[in-house]
Amino acid sequence: MGDNREALLGAENKYFENCPGCKVELLKETNPGIPFKHLLYVWVVVLAAALPISSLFPFLYFMIRDFNIAKKEEDIGYYAGYVGSAFMFGRALTSVFWGMIADRYGRKPVIMFGTFSVVIFNTLFGLSTNFWVAVSTRFLLGSLCGILGPMRAYASEVCRKEYQALGMSIISTSWGIGLVIGPALGGFLAQPAEKFPYIFANESLFGRFPYFLPCILISLFAFGVFLISCSLPETLHIHERTDKECDKLNDALVTSTGEPNANEKVRIVGRHPTSQQNLWKNWPLMSSIIVYCVFQLHDMAYAEIFSLWAVSPRKNGGLSYSTADVGEG
């Protein structure tokens, strides 16, 4: 019966003609090499998502100080914690939602929307004039930039099985580079009117908004990535066979085998996931998530707490570093 079914469905039914995911699968089958072009796409998209996360840490202390919201100098770190955590808080609330959207409507729309949200809200953050605008723009940036999860799925789908580990390592590498370059940009380019008075006047845009320069540069890079993402191939399987087409295939299967078999019938494969397994009861998955959460807690806590400690005055137990010193460190 299996042979008859394969003969009926054959190669033309293995890949649906208008399914973007099937086109990618066919491309992988016909091109056994490493998909360098697609992995480059993955690298730049993840980099665009990583840069805004840590770019603010070198100058966050000075930004909160300029907002004049802290009554005492010792309270600056308290308010800086809210701004620094707003991004990840928004991401924690919406990451599962963006994963569901990516599974239902495709990875490409989520990637494009996420990169465009970086352009908008990272720019607005650089133009923040008070504490609440800064918190709101960082929260919205984290909430609307749900790129990382879908990019992991995308990297595994554009690679053949033997290269999936390479695709995952590309994401980790790009993420790490972003967390290194981001603070460097924020540290060296913040307060340009003070550091480069012969280029930026105090009355200029970058003089009135001293933390706008690193933000706009990252936003411009994200806009370029947004344009690149327009050419990304979609990897989600969207099979839009009608009931009539599937009935014809099932009738042909019954004719060839003599009687219908529920396990052999052709089913419509649509946009909905086929697995109904409860993810909360999948212990191997949940244990890996817990380990990843602990690692990220350590990573982000170090990145933010060290920056705040380094720029704090010596009288408060800090190192009195400048933004450039933190960016270099």
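Mentor: We will go through the annotated spans, the nonpolar cores, the cysteines and the salt bridges. Keep in mind that this is a predicted model.

Trainee: Let's begin with the record. Where does UniProt place the feature "transmembrane region"?

Mentor: The UniProt entry, which is unreviewed, puts that feature at residues 40–64, 76–98, 110–133, 167–191 and 211–232. Residues 40–64 are 92% helix and 0% strand, with end C-alpha atoms 37 Å apart. Residues 76–98 are 100% helix, and their end C-alpha atoms lie 33 Å apart.

Trainee: Next, the cores. Which residues have the most contacts inside the largest nonpolar core?

Mentor: As a general idea, nonpolar side chains in soluble globular proteins tend to be buried together. Here the largest nonpolar core has 53 residues, and Val42, Phe59, Ile64, Val83, Phe125 and Met151 have the most contacts inside it. Helix α3, residues 36–54, gives the most to this core, with 10 residues. Another core lies apart from it and has 6 residues, including Leu189 and Phe200.

Trainee: Which residues is methionine 151 in contact with, leaving aside its neighbours within four places in sequence?

Mentor: Those contacts are Val42, Val45, Val46, Ile111 and Ile171.

Trainee: How many disulfides does the structure hold?

Mentor: A disulfide is a covalent bond between the sulfur atoms of two cysteines. This structure holds 0 disulfides. Take cysteine 19: the closest cysteine sulfur is in cysteine 22, and at 3.5 Å it is too far for a bond, because the cut-off is 2.5 Å. Cysteine 19 is buried, with a relative accessible area of 0%, and cysteine 145 is buried too, at 1%.

Trainee: And how many salt bridges does a search of the whole structure find?

Mentor: Side chains of opposite charge can pair when their charged atoms come close. The search finds 5 salt bridges. In one of them, glutamate 25 meets lysine 28 at 3.2 Å, N to O. These two residues are 3 apart in helix α2, so about one helical turn separates them.

Trainee: Are glutamate 25 and lysine 28 buried or partly exposed?

Mentor: Glutamate 25 is partly exposed at 29% relative accessible area, whereas lysine 28 is buried at 12%.

Trainee: What about arginine 107 and aspartate 103: which link do their side chains form?

Mentor: Their side chains meet in a salt bridge of 2.8 Å, N to O. Arginine 107 is buried at 6%, while aspartate 103 is partly exposed at 38%. Glutamate 162 and arginine 160 also form a salt bridge, at 2.9 Å. Finally, salt bridges with shared partners join Asp103, Arg107 and Glu157 into one network.

Terms used
Residues numbered from 1 in each chain as written. Predicted model: local features only at pLDDT ≥ 70, side-chain atom pairs only at ≥ 80, totals over all residues. Heavy atoms only, no water. Core = buried A, V, L, I, M, F, W, Y, C linked by side-chain atoms within 4.5 Å. Buried < 20%, exposed > 50% of the residue type's maximum accessible area, 1.4 Å probe, protein only. Helix = DSSP H or I, 4+ residues; strand = E, 2+ residues; numbered from the N terminus. Contact = heavy atoms within 4.5 Å. UniProt positions renumbered as here; feature names shortened; annotations may be inferred. Salt bridge = Lys/Arg side-chain N within 4 Å of Asp/Glu carboxyl O.
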